[in-house]
Amino acid sequence: MEVKFKDLLFIYEHQISKNVKNKKKLLNFERNKFQNLINIYYELKNNNYRVEHYNIFLIREPKKRIVMSLSIHDKIINHYVTEFILKPKLEKYLDHRNIATRKNMGSDYGIKLVKKYLEQLKKYDQVYVLKIDISKYFYHIDHEVLKRMIKNELTISEYKIINSIIDSTNEYYVYRTILKYQEKNFSLPNYEFGKGLPIGNLTSQFLSIFYLNKLDYYIIHNLHLKYYVRYMDDFLIFHHDKYYLTECLIKIKYQLNNIYHLNINENKTKIINTKEGFVFLGYYFKIRNKKTIIKLRKETWNKVQKE
């Protein structure tokens with residue numbers, strides 16, 4: 001695999017060092033910065049990388065969830081793999097309505113897209129939105145399904161490195177650490193063998209939006225639902241015919257179950273009349289008397305104020 005030292009240096013100085021909260025770890029890495037980066041360079045070049053160890057801990061805000069933090073060494077590799085392997089090779093397959101973790105295509109872009117769709121659909125007397133939420137998405141992404149998707153797009157050495165990152169959730173200590181939190185009465189999902197992506201990794205963010213790219217295509221082109229937005233595992237699909245959306249939901253569920261081995265969250269999946277209003281990306285959207293109303297949710301405002 002071709003690796004450039006200048007790219008590793010750029011990743012460290014512009015993406016990693018500025019965001020490391022543990023200053024002691026940062027100082028230790030800085031003492032031998034160039035030697036550490038040279039070690040990473042040869043580790044990638046010689047194709048013998050394996051994830052060292054995750055620091056697994058619980059955060060409680062905005063909700064209780066597990067974070068799997070990497071060492072600085074592993075973070076550099078994780079970012080490098082995302083920026084110089086995954087994005088150049090796989091981003092071309094992503095539809096512009098798939099809006100998470102992409103340059104100039106984040107939350108603000110998604111909100112503008114929803115507003116655009118509502119404006120275009122206001123000509124109908126009724127406009128409905130199908131909201132789909134996938135149950136424990138990050139924990140249930142199937143390793144073998146994902147590997148088949150990426151295998152032919154990567155070189156053998158690239159594929160081997162990304163395989164090791166994907167399979168890192170299979171390590172027994174990951175399961176045991178999360179189990180200890182569960183034993184303290186924390187309601188948390190755990191990883192099954194061969195399932196899930198490490199929460200917190202940049203590679204996981206990208207692979208999670210790539211995983212359903214063919215489903216995006218199916219929804220837009222096979223089901224002819226062009227008014228569509230997906231943010232990770234949160235789907236919005238707009239249409240003027242409620243019964244057609246109901247039929248499409250059955251077909252989408254079949255695809256999710258049989259191809260991707262995923263299940264929808266039945267409590268959060270519903271078809272809503274836009275006159276009643278719906279929430280997406282921290283905003284409240286509604287069509288009232290042919291006018292589009294967009295408001296920042298109180299919970300979102302309170303969160304911004306705290307920050």
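1. Buried residues, those under 20% relative accessible area with a 1.4 Å probe and only protein chains counted, make up 50% of the 307 residues in the protein chain. This is a predicted model, where local features need pLDDT of at least 70, side-chain atom pairs count only at pLDDT 80 or more, and totals for chains, interfaces and linings use all residues. Residues are numbered from 1 along each chain as its sequence is written, and side-chain values use heavy atoms, leaving out hydrogens and water.

2. For 307 residues, a compact globule would have a radius of gyration near 19 Å, and the 21 Å of the protein chain agrees with that. The radius is taken over C-alpha atoms, and the globule rule is 2.2 Å times the number of residues to the power 0.38.

3. The protein chain has 13 helices and 9 strands, counted as DSSP runs (helices H or I, at least four residues; strands E, at least two) numbered from the N terminus.

4. Strand 8 (residues 283-288) pairs with strand 9 over 6 bridges, and F285 has I294 in strand 9 as its bridge partner.

5. Do check K33, in helix 3 (residues 33-45): K33 is buried because its relative accessible area is 14%.

How values were computed:
Pairing = 2+ DSSP bridges.
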